[in-house]
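Trainee: I would like to go through this structure with you. Could we start with the terms and then take the residues in turn?

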Amino acid sequence: MKLDVTDKAVEWYENEYEIIDMTQMRLFVRYGGIGGLIPGFSLGLSIETPNDIYAEKTINNMTFYIEKQDAWYFEDKDLLIDFNHDLQEPKFIYQ
């Protein structure tokens, strides 16, 4: 699985979370939400220390990562975190 994040999305997260120092952003599967890959589930995001990394991408002061316990959700798909200019927020694109 490949995890990628566009510069514009990284910039949004840096501003939203006021990131100054190196920060690790965990993407995790949660029950509920909308727009997920599998109906009834969506991705959540939290600042945590990695445990068992499945995929990761570091840009600027941020490392985005997914742990192995959440690998099932991606079903051999890649994830691109891009920026939605109309909504002024990040969007998840499964490829």
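Mentor: Let us begin with exposure: buried means under 20% relative accessible area, exposed means over 50%, and partly exposed covers what lies in between. Please keep in mind that this is a predicted model.

Trainee: Is lysine 68 buried, partly exposed or exposed, then?

Mentor: Lysine 68 has a relative accessibility of 47%, so it counts as partly exposed.

Trainee: Which residue does lysine 68 pair with in a salt bridge?

Mentor: Its side chain meets that of aspartate 52 in a salt bridge, at 3.7 Å from N to O. Lysine 68 lies in the loop between β5 (62-67) and β6, and aspartate 52 in the loop between β3 and β4, so the pair ties together parts that are 16 residues apart in sequence. Aspartate 52 is partly exposed, at 38% relative accessibility.

Trainee: What is the N to O distance between glutamate 48 and arginine 26?

Mentor: The side chains of glutamate 48 and arginine 26 meet in a salt bridge at 3.4 Å, N to O. Glutamate 48 lies in the loop between β3 and β4 (53-59), whereas arginine 26 is in strand β2 (residues 23-31), so this pair ties together parts that are 22 residues apart in sequence.

Trainee: And is arginine 26 buried or exposed?

Mentor: Arginine 26 is buried, with a relative accessible area of 10%. Glutamate 48, by contrast, is partly exposed, with a relative accessible area of 30%.

Trainee: Where is glutamate 67, and what does it touch?

Mentor: Glutamate 67 is in strand β5. At 5% relative accessibility, glutamate 67 counts as buried. Leaving out residues up to four places away in sequence, it touches Arg26, Thr49, Pro50, Asn51, Asp52, Ile53 and Tyr54.

Trainee: How many salt bridges does the count come to?

Mentor: The count comes to 6 salt bridges. One of them joins the side chains of glutamate 11 and lysine 8, at 3.8 Å from N to O.

Trainee: Where do glutamate 11 and lysine 8 lie?

Mentor: Both lie in helix α1, 3 residues apart, which is about one turn of the helix. Glutamate 11 is partly exposed, with a relative accessible area of 38%, and lysine 8 is also partly exposed, at 34% relative accessibility.

Trainee: Why do such side chains pair at all?

Mentor: Side chains of opposite charge can pair when their charged atoms come close.

Trainee: Changing topic: what is the volume of the largest pocket?

Mentor: Its volume is about 370 Å³. Of the 20 residues lining the largest pocket, those closest to its centre are Leu43, Glu89, Pro90, Lys91 and Phe92.

Trainee: Which element gives the largest share of that lining?

Mentor: Strand β7 does, with 5 residues. At least two lining residues come from each of α1 (7-16), β3 (41-47) and β7 (89-94). By class, the lining has 11 nonpolar, 6 polar and 3 charged residues.

Trainee: What is asparagine 84 in contact with, beyond its neighbours within four places in sequence?

Mentor: Asparagine 84 is in contact with Glu89 and Lys91, and both of these are among the residues closest to the centre of the largest pocket. Asparagine 84 itself lies in strand β6 (residues 79-84). A polar atom of its side chain lies 2.9 Å from the backbone nitrogen of leucine 87.

Trainee: Which residues have a positive phi without being glycine?

Mentor: Glutamine 88 is one, with a phi of about 55 degrees. Glutamine 88 lies in the loop between β6 and β7 and is partly exposed, with a relative accessible area of 49%. Glutamate 75 is another, with a phi near 40 degrees, and is found in the loop between β5 and β6.

Technical notes
Residues numbered from 1 in each chain as written. Predicted model: local features only at pLDDT ≥ 70, side-chain atom pairs only at ≥ 80, totals over all residues. Heavy atoms only, no water. 1 Å grid on protein atoms, 1.4 Å probe; cavity = no way out; pocket = protein on both sides within 12 Å on 5 of 7 lines; lining within 4 Å. Points joined across faces, edges and corners; volume = space filled by probe spheres on them. Helix = DSSP H or I, 4+ residues; strand = E, 2+ residues; numbered from the N terminus. Nonpolar A, V, L, I, M, F, W, Y, C, P; charged D, E, K, R; others polar. Polar contact = N/O pair within 3.5 Å; in protein donor to acceptor, adjacent residues only side chain to side chain. Contact = heavy atoms within 4.5 Å. Salt bridge = Lys/Arg side-chain N within 4 Å of Asp/Glu carboxyl O. Buried < 20%, exposed > 50% of the residue type's maximum accessible area, 1.4 Å probe, protein only.
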